[in-house]
Amino acid sequence: MPDAGNSTVANRVASQAVSLATTWSTAIGIDAPIVNAPMGGAAGGTLAAAVSAAGGLGMIGMGSSATPELLRHELDAMGNVDRPFGIGLVHWVMADQPELLDVALAAGPALLSVSFGEDWTWVHRAHDVGVTVTTQVATVEAARRAVDAGVDVLVARGAEGGGHGEPVIGTLPLLAEVLDQVEVPVLAAGGISSARGVAAVLAAGAAGAWVGTLFATCAEALTPAPARDALVAGTETELTREFDIAAGYRWPATIPERVLRGTPVNAGQGIGSVTQVRSAADTLAQLCAGAEALLRRW
């Protein structure tokens, strides 16, 4: 017998997502312009499958400790999802293990994200097999370089974001500046953990919302239970390199990570809005319903 609760969630996602659809979300084949950020250690195949099945763009994240074998494992964990999905790689990790790009391209993602590097040869390889690409940018100058290199979609990642990134400028000022300077679709990232955040960036002109911390707490995420509990209870974050140095990861000094204060748990400054564990489908439905209500009112 079908689960009435799940059916209700699915219906809510479908009905709300239509009103939130953007040109980009329609073109890529998703219902809601919401992406789960490809967070290493949290965004595995199970979460990606759940987000995609619910109408968003689910992404598998390969972080600092990525390997081709781990990527294959998470792709297998997606099962037979027939909706668009994406894969996210860290450039310097991919450069050390070129097979990561081979495995990612062979999987046929709707979107490939590679960030934190200045070599753009991967863009041409992806385009050669028909894969759309994106990268995170923290400045207008970085946005221009990426577009000049052929990147199809940009992720304007503000300093509020959890995990690794250049803490240069806040999400909304960065989004506004990048939108004024480029012609490609721009997704907004950094501190977006609520329906209000989604509504704000869509109203500002973003093609979609790139949501990390909130999805890291979902039941389907790879996040260990103690870290998930810490995220739900947490209220403050800090920037640090302490945990990267201890683990021997080669992140440059200009790219620290934002974590819950005093812990090695990645979290953005929107953490105060994260108050309970939900399924990915329910999380997406809540974001869509709340954002639509706000945009209609405004």
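This is a predicted model: local features need pLDDT of at least 70, side-chain atom pairs count only at pLDDT 80 or more; totals for chains, interfaces and linings use all residues.
Residues are numbered from 1 along each chain as its sequence is written, and side-chain values use heavy atoms, with hydrogens and water left out.

Back to the cysteines. A disulfide is a covalent bond between the sulfur atoms of two cysteines; here it is counted when the two sulfur atoms lie within 2.5 Å. The structure holds zero disulfides. Cys 218, too, is in no disulfide, with the sulfur of Cys 288 as the nearest one. Both residues are buried (under 20% relative accessible area; exposed is over 50% and partly exposed in between, with a 1.4 Å probe and protein chains only): Cys 218 has a relative accessibility of 1%, and Cys 288 has 0%.

Next, look at the rings. Rings of Phe, Tyr and Trp (its six-membered ring) pair if their centres lie within 6.5 Å; planes under 30 degrees apart are stacked, over 60 edge-to-face, and the rest tilted. There are three aromatic pairs by this rule. Helices (H or I, at least four residues) and strands (E, at least two) are DSSP runs, numbered from the N terminus. Trp 92 is buried at 13% relative accessibility, and Trp 251 is buried at 4%. Ring pairs join Trp 92, Phe 116 and Trp 251 into a cluster. Elsewhere, Trp 120 and Trp 122 have ring centres 6.2 Å apart and planes at 35 degrees, so their pair is tilted. Trp 120 is buried at 17%, and so is Trp 122, at 2%.

Trp 120 also leads us to Thr 135, one of whose contacts it is (heavy atoms within 4.5 Å). Thr 135 sits in strand β5 (residues 132–137) and is buried, at 4% relative accessibility. Beyond its neighbours within four places in sequence, Thr 135 touches residues including Val 114, Ser 115, Ala 146 and Leu 154. A polar atom of the Thr 135 side chain lies 2.6 Å from the backbone oxygen of Val 114.

Now turn to helix α6 (residues 99–106), where Leu 100, Leu 101, Val 103, Ala 104 and Leu 105 are buried. Among the elements that cover these residues are α4 (68–77), β3 (85–90), α5, β4 (111–115) and α7 (121–128). After α6 comes Gly 108, with a positive phi near 65 degrees.

Three strands make an open, antiparallel sheet in the order β7-β11-β10, where two strands pair if DSSP finds at least two bridges between them. β7 (163–164) and β10 (237–240) are at the edges with a single partner strand each, so one side of each has no neighbour in the sheet. β10 and β11 pair over four bridges, and Glu 238 stands opposite Val 259 in β11.

A salt bridge is a side-chain nitrogen of Lys or Arg within 4 Å of a carboxyl oxygen of Asp or Glu, and the whole structure has nine. Arg 261 forms one with Glu 236, their closest N and O atoms being 3.0 Å apart. Arg 261 is in the loop between β11 and α14 (280–297), while Glu 236 is in the loop between α12 (225–233) and β10. Both are partly exposed, Arg 261 at 47% and Glu 236 at 46%. Together with Glu 238, they are linked in a network of salt bridges.

Finally, return to α5. Asp 96 and Arg 250 meet in a salt bridge of 2.8 Å, N to O. Asp 96 lies in α5 and Arg 250 in the loop between α13 and β11, so this pair ties together parts 154 residues apart in sequence.

Key:
A polar contact is a pair of N or O atoms within 3.5 Å; within protein, one must be able to donate a hydrogen and the other to accept it, and residues adjacent in sequence count only if both atoms are side-chain atoms.
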